[in-house]
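Colleague: I am new to this structure and would like to learn how to read its features. Please show it to me and take me through them.

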Amino acid sequence: MNQADKKKTAAEILTRLGRRYPNPRPALEYTDAWGLLVATVLSAQCTDARVNQVTPELFRRWPSVADLARAEVADIEGLVRSTGFFRNKAKNLKAAAQIIAERHKGQVPRTMDELVELPGVARKTANIVLYNAFGVNQGVAVDTHVKRLAKRLGLSASDRPEAIEAELMALFPQPRWGEVNHYLVFLGREVCTARRPRCANCPLEDLCPKKGLA
DNA sequence: ATCCCGAGGG
DNA sequence: CCCTCTGGAT
C-alpha cells in the first residue's frame with residue numbers, strides 16, 4: 001500500500017471508529033489533570049466501573065495532592081486494594097504526589113518529560129493526561145495494542161515503537177492523534193485481541209489485510 | 001482457567 | 001526482551 005492509500009485508509013478508520021466510540025475519552029470520571037492521573041494509574045488491570053468507585057473514595061479521604069503526599073502508604077493500599085497491583089499503585093501514587101507537591105507547587109506538570117519522571121507514570125499514562133486534561137497532542141503513544149493494530153491493518157510494518165509512532169503520526173491528522181491513540185487501544189482491547197480477534201465484530205474488517213488471522 | 005486500557009526491573 | 005506485580009470479570 002502506498003502512502004496515499006494508507007492516508008485514505010487512515011481517514012476511513014477515523015470515521016468508523018468515531019462512530020463506534022462517540023466519546024473518545026477514557027471512561028473515567030475525571031477530566032482535571034490530577035484526577036485523571038490518579039484514575040488512569042488505578043485503571044491498569046482494572047475495570048472502569050471499579051476505578052470510578054475507588055477514585056472518589058480516595059479523593060474524599062485525601063482531597064489535595066498535598067494530602068495524598070502525606071498519607072500512609074498502608075492506608076492508600078487499603079483503599080485501592082480491589083484495583084489490582086495495589087502495592088505498586090499505592091506507593092507510586094504517594095511518591096508522585098510528593099514530587100508534584102514539592103517540585104511542581106502542587107500542579108500536575110504539563111510536559112511529557114516532567115510527567116514521566118513521576119513514579120508509576122510512563123508515556124502511556126502521560127499521553128492520556130496531556131491529551132485529555134491539557135489538550136496537548138504530544139503524539140501517539142504506542143503500546144502493545146496500538147502496535148498490533150498498526151501491523152494488522154498494514155499501517156506500519158515496523159516493530160520499533162518510535163518508527164510506528166512516526167508512521168501513525170504521518171498518516172493521521174495532528175489534531176486527532178489523541179483520539180487515534182484512544183481508538184486503537186479500545187479496538188485492540190475489545191475486538192482485535194492478541195490471540196483470538198473477534199473479526200465478525202470489527203468495524204474495520206473489510207479494510208483489514210489480516211482478517212480472520214491473528 | 002484465563003485474560004486484562006501499565007510500569008519497572010533484571 | 002522477559003518477568004513480576006494483583007484482583008476481578010468472564
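This is a predicted model: local features need pLDDT of at least 70, side-chain atom pairs count only at pLDDT 80 or more; totals for chains, interfaces and linings use all residues.

Colleague: Into which domains is chain A divided?

Modeller: Domain bounds come from an automatic or database domain assignment. Here domain 1 takes in 3–24 + 139–207, and domain 2 covers 33–134. Their C-alpha centres lie 27 Å apart.

Colleague: How many residues of the two domains are in contact?

Modeller: Contact means heavy atoms within 4.5 Å. On the domain 1 side 11 residues take part, and they meet five residues of domain 2.

Colleague: How do I read a pair of packed helices?

Modeller: Two packed helices are described by the angle between their axes and the distance between the axes. Helices (H or I, at least four residues) and strands (E, at least two) are DSSP runs, numbered from the N terminus. Axes are lines fitted to C-alpha atoms, for helices over the stretch in contact, and angles run from 0 to 180 degrees between N-to-C directions. In this model, helix α2 (residues 33–42) and helix α8 (residues 123–134) have axes that come within 9 Å and cross at roughly 145°.

Colleague: Is the crossing of α2 and α8 left-handed or right-handed?

Modeller: A crossing is left-handed if the near helix is turned anticlockwise from the far one by less than a right angle, and right-handed if clockwise. The α2 and α8 crossing is right-handed. From α2, the contact uses Ala-33, Leu-36, Leu-37, Thr-40 and Val-41, and from α8 it uses Thr-125, Ile-128, Val-129, Asn-132, Ala-133 and Phe-134. Eight residues of this contact are nonpolar, three are polar and none is charged. In that count Ala, Val, Leu, Ile, Met, Phe, Trp, Tyr, Cys and Pro are nonpolar, Asp, Glu, Lys and Arg are charged, and the others, Gly among them, are polar.

Colleague: How many salt bridges does a search of the whole structure find?

Modeller: A salt bridge is a side-chain nitrogen of Lys or Arg within 4 Å of a carboxyl oxygen of Asp or Glu. The search finds 11. One of them joins Lys-6 to Glu-167, at 4.0 Å from N to O. Lys-6 is in helix α1 (residues 3–20) and Glu-167 in helix α10 (residues 161–171), so the pair links distant parts of the chain, 161 residues apart; Lys-6 itself counts as buried because its relative accessible area is 14%, where buried means under 20%, exposed over 50% and partly exposed in between (1.4 Å probe, protein chains only). Glu-167, at 26%, is partly exposed.

Colleague: Which salt bridge does Arg-16 form with Glu-12, and how far apart are the N and O atoms?

Modeller: Their closest N and O atoms are 2.7 Å apart. Both residues lie in helix α1, four residues apart, about one turn of the helix. Arg-16 is buried at 16%, whereas Glu-12 is partly exposed at 29%.

Colleague: What does the salt bridge of Lys-124 and Asp-143 tie together?

Modeller: The two side chains meet at 3.0 Å, N to O. Lys-124 belongs to helix α8 and Asp-143 to the loop between α8 and α9 (144–152), so the bridge ties together parts 19 residues apart in sequence. Lys-124 is partly exposed at 31%, and Asp-143 is buried at 15%. Elsewhere, salt bridges that share partners join Glu-12, Arg-16 and Asp-206 into one network.

Colleague: Where does Thr-55 lie, and which residues does Thr-55 touch?

Modeller: Thr-55 is in helix α3 (residues 48–61), and is buried with a relative accessible area of 0%. Not counting residues up to four places away in sequence, Thr-55 touches Tyr-30, Val-38, Ala-39 and Leu-42.

Colleague: Which residues is Asn-127 in contact with?

Modeller: Asn-127 sits in helix α8 and is buried at 3%. Leaving aside neighbours within four places in sequence, its contacts are Met-112, Gln-138, Gly-139, Val-140, Ala-141 and Asn-181.

Colleague: Is Leu-79 buried or exposed?

Modeller: Leu-79, in helix α5 (residues 73–80), is buried at 15%.

Conventions:
Residues are numbered from 1 along each chain as its sequence is written. Chains are lettered from A and ligands numbered from 1 in the order in which they are written. Side-chain values use heavy atoms; hydrogens and water are left out.
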